[in-house]
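Subject: Structure for your files

Hello,

Please find the structure below, handed over for your use. My notes on what was found in it follow.

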Amino acid sequence: MPSIFTKIINGDIPCYKIAEDADNFAFLDINPNAKGHTLCVPKKEVDKIMDLDEEAYMKLMSFSRRIGKAIEAAVACKRVGMSVIGLEVPHVHVHLIPLHSMKDATFQHKENLNSEEFETIAEKIRNYLK
Ligand code: AMP
């Protein structure tokens with residue numbers, strides 16, 4: 001059965017899309033640690049990041065850097081943090097999280113956004129992508 005992220009990538013489940021290229025797809029996390037929290041996902045469904053082949057791993061990191069720079073420009077924050085967890089969704093994803101303090105990196109505190117706020121921040125990030 002395809003993962004929830006494969007369903008998003010295929011357009012079977014809606015998302016607040018940020019960008020895609022041939023190999024990777026980025027969208028807002030639906031339960032964000034902070035406004036602008038974004039997930040970067042390889043289109044090829046692999047569970048664990050260490051199981052990606054080196055080329056896929058490097059492409060994911062390069063894609064994530066490009067998205068992270070746009071987030072840094074679009075969202076007021078101290079920096080954009082990156083983490084890989086994967087305990088909830090078994091399809092590799094890089095969390096890009098605008099950090100204001102350590103609590104944004106803990107996955108304990110969540111931000112409640114309505115759909116208009118999600119769309120506004122997604123558009124702002126998209127506008128900074130070159
Ligand atoms: P983890 O697998 O522990 O790295 O966490 C999975 C992340 O995916 C969580 O932060 C969820 O909020 C996020 N997530 C789960 N389902 C969706 C969805 N349909 N759209 C966007 N983000 C999601």
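How far from an oxygen atom of the ligand does a backbone N or O atom of Leu87 lie? The distance is 3.4 Å. Please keep in mind that this is a predicted model, and that every distance here is computed from it.

Ligand surroundings

There are 16 residues around the ligand, and those that come nearest are Asp29, Gly86, Val89, His93 and His95. For Gly86, a backbone N or O atom is 2.9 Å from an oxygen atom of the ligand. For Val89, a polar backbone atom is likewise 2.9 Å from a ligand oxygen.

Largest pocket

The largest pocket holds about 450 Å³ of space. Its lining is made up of 22 residues, with Phe5, Asp29, Ile30, Leu39 and Glu88 nearest the centre. Two elements give two or more residues each to that lining, helix H1 (4-9) and strand E2 (24-28). H1 gives the most, at three residues. Sorted by class, the lining has 15 nonpolar, four polar and three charged residues.

His37

His37 sits in the loop between E2 and strand E3 (38-42). Its relative accessible area is 1%, which is under the 20% limit, so His37 counts as buried. Leaving aside residues up to four places away in sequence, His37 touches Leu28, Asp29, Pro32, His95, Leu96, Ile97, Pro98 and Phe107.

Ser64

Ser64 belongs to helix H2 (residues 54-74). Is Ser64 buried or exposed? With a relative accessibility of 1%, Ser64 is buried. Residues up to four places away in sequence again set aside, Ser64 touches Cys40, Met82, Val94 and Leu96. Leu96 is also listed among the residues that His37 touches.

Regards

Technical notes:
Residues are numbered from 1 along each chain as its sequence is written. This is a predicted model: local features need pLDDT of at least 70, side-chain atom pairs count only at pLDDT 80 or more; totals for chains, interfaces and linings use all residues. Side-chain values use heavy atoms; hydrogens and water are left out. On a 1 Å grid over the protein atoms alone, a cavity is a set of points where a 1.4 Å probe fits but cannot get out, and a pocket is an open set with protein on both sides within 12 Å along at least five of seven lines; lining residues have an atom within 4 Å of a point. Grid points are joined across faces, edges and corners, and a volume is the space filled by probe spheres set on the points. Helices (H or I, at least four residues) and strands (E, at least two) are DSSP runs, numbered from the N terminus. Ala, Val, Leu, Ile, Met, Phe, Trp, Tyr, Cys and Pro count as nonpolar, Asp, Glu, Lys and Arg as charged, and the others, Gly among them, as polar. Buried means under 20% relative accessible area, exposed over 50%, partly exposed in between (1.4 Å probe, protein chains only). Contact means heavy atoms within 4.5 Å. A residue is near a molecule or strand if one of its heavy atoms lies within 4 Å of it. A polar contact is a pair of N or O atoms within 3.5 Å; within protein, one must be able to donate a hydrogen and the other to accept it, and residues adjacent in sequence count only if both atoms are side-chain atoms.
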